[in-house]
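Here is a short report on a predicted model. Keep the sequence and the structure in view while reading.

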Amino acid sequence: MSMTAIEIEELILKTFPDAKIIIDDLRGDGDHYAAQIISEKFRGKTRVQQHQMVYNAMDGKMGKELHALALNTSAPKD
Amino acid sequence: MEQNTKEKIESIIKDNEILLFMKGTPVMPQCGFSAAVVGVLSHMGVKFNSVNVLEDAEIREGIKEYSDWPTIPQLYVKNEFVGGCDIIREMHENGELTEYFSQAGINI
């Protein structure tokens, strides 16, 4: 099972409506993605917390339908 | 997670200052993400211990719940979860990891 980049983006937007998201399908196999996410919700959070927030937004799919999602998260720069 | 799995995880984390939960072993990693973290730690000259989650299904599932983190590898330093592959790589690239170890009182 795999996911499309659009499905991933939609899931992320549900939790982070303000997010700027760039998703790369690293191998073109619908299973290995990299996502760059910028959202105000990340402000003041540690990197572990930021990634946990994204994993939780993935609704249990991370590590199952979605094998690999490399993350790069940050709050918008002023 | 069963209580004894949790206790088992807690005790290995406590007993090992720097501990990597990984797939395979440092010499023979079974996954590219685990291999990447081993690469970073070896490059920095950090001495660490590892748990091969492929040999223990209980720990493999348990550690995900314990850390609230859905993937392996996972690096613990002095009882604290530092991150998975992306975070360790990023911290290595921007120099944060060296600082993290020195603040944790670990000499490299």
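## Nonpolar cores

The largest nonpolar core in this predicted model holds 26 residues. Those with the most contacts inside this core are L20(B), F21(B), M22(B), V37(B), V53(B), L75(B) and I88(B). Helix 1 (3-15), helix 2 (32-44), helix 3 (57-67), helix 4 (85-93) and helix 5 (96-103) of chain B each give two or more residues.

Take I88(B) as an example. Beyond its neighbours within four places in sequence, I88(B) is in contact with V37(B), V40(B), L75(B), V82(B), G83(B) and L97(B). A second, separate core has 14 residues, among them F16(A), A19(A), M58(A) and L66(A).

## The sheet of chain B

Chain B has an open sheet of four strands. The order is 2-1-3-4, and the pairing is mixed. Strand 2 (49-52) and strand 4 (80-83) of chain B are at the edges. Each has a single partner strand, so one side of each lacks a neighbour in the sheet. Neighbouring strands are turned against each other by 25° on average, direction ignored.

Strand 3 (residues 74-77) and strand 4 of chain B run antiparallel, joined by three bridges. In strand 4 of chain B, E80(B) stands opposite V77(B).

## Where the chains touch

Nine residues from chain A and eight residues from chain B make the contact. On the chain A side, helix 2 (47-57) and strand 3 (68-74) each supply at least two residues. Helix 2 of chain A gives the largest share, five residues. The chain A side divides into five nonpolar, three polar and one charged residue.

Technical notes:
Residues are numbered from 1 along each chain as its sequence is written. Chains are lettered from A and ligands numbered from 1 in the order in which they are written. This is a predicted model: local features need pLDDT of at least 70, side-chain atom pairs count only at pLDDT 80 or more; totals for chains, interfaces and linings use all residues. Two residues are in contact if their C-beta atoms, placed from the backbone, lie within 7 Å. Ala, Val, Leu, Ile, Met, Phe, Trp, Tyr, Cys and Pro count as nonpolar, Asp, Glu, Lys and Arg as charged, and the others, Gly among them, as polar. Two strands pair if DSSP finds at least two bridges between them. Axes are lines fitted to C-alpha atoms, for helices over the stretch in contact, and angles run from 0 to 180 degrees between N-to-C directions. A nonpolar core is a set of buried Ala, Val, Leu, Ile, Met, Phe, Trp, Tyr and Cys residues joined through C-beta atoms within 7 Å. A residue is buried if 20 or more other C-beta atoms lie within 10 Å of its own, exposed if 12 or fewer, and partly exposed in between; C-beta atoms are placed from the backbone.
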